[in-house]
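Hi everyone, thanks for coming. Today I'd like to walk you through one structure, so please have a look at the screen.

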Amino acid sequence: MSAILDVVARAIAYEQRRAYRVRETFSIAADPRVAFGIVPIKVVSEEVIQAIAYGDIARAPKTIVRWNPLSRDAGDLEPFGRALDRYLTSMIAAEAVPRIWLPYSTALDLLDVLHYRYRTNQQASAVLQRMGWQCRVIVEEASYAGQQMVAVATDLLCEHVVTGQAPVKDGHLGALLAWVAPPPGSDPVIEAERRALVPAAAMLEAEADKRVDGLRKRAKAGDVRARAEIETLLERGVQLEWDRLVEARRTFWALKLKSGPELPGLVKESRERASYALTTNLSPPSRPRRARSPPRRVRIRRRASRGR
Amino acid sequence: MSLRSSRGIVRTSRNLRCVLQAAMVVERVSEPEFYERVTGTKFEGEYGERASARRRGSKFESNLTTNNAALLRRALAPIFGYDVEAMVVRNFADEIPGPPHELHAMRLTRMRRILQDLARDREVPHLVIQPQLRIQVGPNLTDFEHVSPDFFVLNPAMRMYVPGEMKSFIVRQGVADGADLDLTRRQAAAQIVALRDEAGRLAMHGRVENRALFVFAQPYGLMPARPVIEVLNQEVFEVERAVQFLREVRARLVGLRASTATPLEDLIAELPINYQDRCIGSCVLATVCERRFAGRARVLGDAASDLIGPDTDVGRLVALINGAQPRTPEEAVFATRVRLAAAALGYQPRTLRRATG
């Protein structure tokens, strides 16, 4: 959209106190029968997941909370890896495009870090390596224009509507929703400002984060109560983000736009790319040297020493 | 947290027309406290770095600088052609432990001695951890800000140090997050300006290049990624302008207080602001300044301000779209432009809507 169109749309939205629709058709096809939501909460700056909600977006999520996310043992992420694998595999088997819903692009960055950390990590379990590979496929697919597999709620909403606030504020999903679906009787200018006080970028609210950080020392020393409190805070935080994603998805489809004529072609392309990438691991983790048979000259020498 | 040291200079360099922000830097205010003094209410947003971020940053730095900065030496040696084992390191954090307000002066003295040795062509350490510099931001001897680079590494080609920053940001495919980089680059630019100032005392300012080194983290933990050297001409230019701007604002504050010592919060009406998108999330007064522009194009963002002017009345703009009569020839041109844009957006003007029922 050109700059003048964006400015005029923002001015109209500001005056009408409601986001202004700037597209006549949806840029993505309708969700398949099952769409998969992923909502991570990271330790700020560490890019380590401390909680994750995932699963069928139409149902209550499954959650994993990690009281000690900096531990080297990442086995607790395996249920997520298995669920993601089940979903992607079943969708590809059914010759459908998987649909992954994420709240914002920070979540995509976290999936990218999972790919870096586990895909070729020889210390990681096969489940985690596969999860790393599948995360890479998701991140790569998201980079294609017109792709139909990854739905980043904030980006999608911004593509279809324009708010009456500065674009830089649209990155906050809560503030964005205050403009797209303002609560009855509220002024979105004030409501968005209020919501923006709490960050929405895959992290806990500051007070909860501080509390969790303080409790972690006690939890490491074996304090069971501290662990339980951390888990409760994380559970609450990730559920809040999940609810926001569900609301964003509902709000998005409630825009009730027409389906674009280009979508079937884009769906086909996305399905072909995803199907190939999810069934062909181009650079799997190299196997440890000791697992390979020794070089030929060593085998000859060994045979010779055994007198054969 | 206050706007002391290079933090204030960096903030000023990002908005070189906001006199209020520069005044806050000059006065070294604590932002949340100042917000309370201005508005009478507590600042409800998040302020300052989170504990986990601080911890990761210091862990990364200590990881790189322990064992005579073994990891840092290994990362830097190939860039300058040094033998890793032959590199001489001085770590001021180890040499001068103690309270921060004393450290600055003592570390600065030692750094100046090293620079003097460099000027006399004597042997100097290849790597200095936690060196200290200062930038003069006013006419008095006490009007300076401390600048504390993470390290200096000697560039043998120039016989001058290059400032370096260790940041625990994760690098993927050799690239760190752009938002993280802007502040880091400006921080390094402030270090270049301060180093050039110090080198200038010894007639070596020509040897200081607008280059800095960045050591970021790999995605796998706290190991350093391959260091990056960047040329920071633009950032250095803006930091130099920021220093000059701070001097001007300091003089302006002195003028405003010529008769009575008025507190800064009471001078706000006299100090021009320059509210922009960047203020959001970086200045505690962003919402306060934004409210001054309620109903004007400024609240719609930088692009809107640049395109139609920050003071354009949004209500008038929409009225023109809806068919209001332009008052001037300029407004008539503007009306045609915005009506065309509104039509392209499929907007139905209110008058038309009424007519069509």
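Some ground rules before that. This is a predicted model, where local features need pLDDT of at least 70 and side-chain atom pairs count only at pLDDT 80 or more, while totals for chains, interfaces and linings use all residues. Residues are numbered from 1 along each chain as its sequence is written, chains are lettered from A and ligands numbered from 1 in the order in which they are written, and side-chain values use heavy atoms, with hydrogens and water left out.

So, how confident is the predictor in chain A? The average pLDDT there is 91, and 94% of the residues score at least 70; pLDDT is the predictor's confidence in each residue, from 0 to 100. Strand S6 of chain A, residues 100-102, has the highest confidence at 98, and helix H11 of chain A, residues 296-305, the lowest, at a mean of 71. Where pLDDT is low, the predicted coordinates should not be read in detail.

Chain A contains 11 helices and nine strands. Those are DSSP runs numbered from the N terminus, helices being H or I with at least four residues and strands E with at least two. The C-alpha trace of chain A spans about 95 × 55 × 35 Å along its principal axes. Of the 308 residues in chain A, 52% are buried. Buried means under 20% relative accessible area, exposed over 50%, and partly exposed in between, using a 1.4 Å probe and protein chains only.

Now for the interface. Here 44 residues of chain B are in contact with 41 residues of chain A, contact meaning heavy atoms within 4.5 Å. The area buried between the two chains is about 3,600 Å², and carbon and sulfur atoms give 63% of that. Buried area is the accessible area (1.4 Å probe) that two parts lose on being put together, summed over both. In chain B, the residues losing the most area to chain A are Arg50(B), Arg172(B) and Leu345(B), together 20% of what that side buries.

How many salt bridges cross between chain B and chain A? The rule finds four; a salt bridge is a side-chain nitrogen of Lys or Arg within 4 Å of a carboxyl oxygen of Asp or Glu. Lys169(A) and Glu290(B) form a salt bridge, at 2.8 Å from N to O. Asp213(A) and Arg55(B) form a salt bridge too, with their closest N and O atoms 2.9 Å apart. Asp213(A) sits in helix H8 of chain A, residues 206-220, and Arg55(B) in helix H4 of chain B, so this pair joins two chains. Asp213(A) is buried, with a relative accessible area of 17%, whereas Arg55(B), at 27%, counts as partly exposed.

Let's go back inside chain A. Asp31(A) and Arg249(A) make a salt bridge, their closest N and O atoms lying 2.7 Å apart. This pair links distant parts of the chain, 218 residues apart: Asp31(A) is in the loop between strands S2 (25-26) and S3 (36-43), and Arg249(A) is in helix H9, residues 224-253. Are these two buried or exposed? Asp31(A) counts as buried at 17% relative accessibility, and Arg249(A) counts as buried at 19%.

Last stop, chain B: Arg14(B), Asp182(B), Arg186(B) and Glu238(B) are linked in a network of salt bridges. Over all chains, the structure holds 47 salt bridges.
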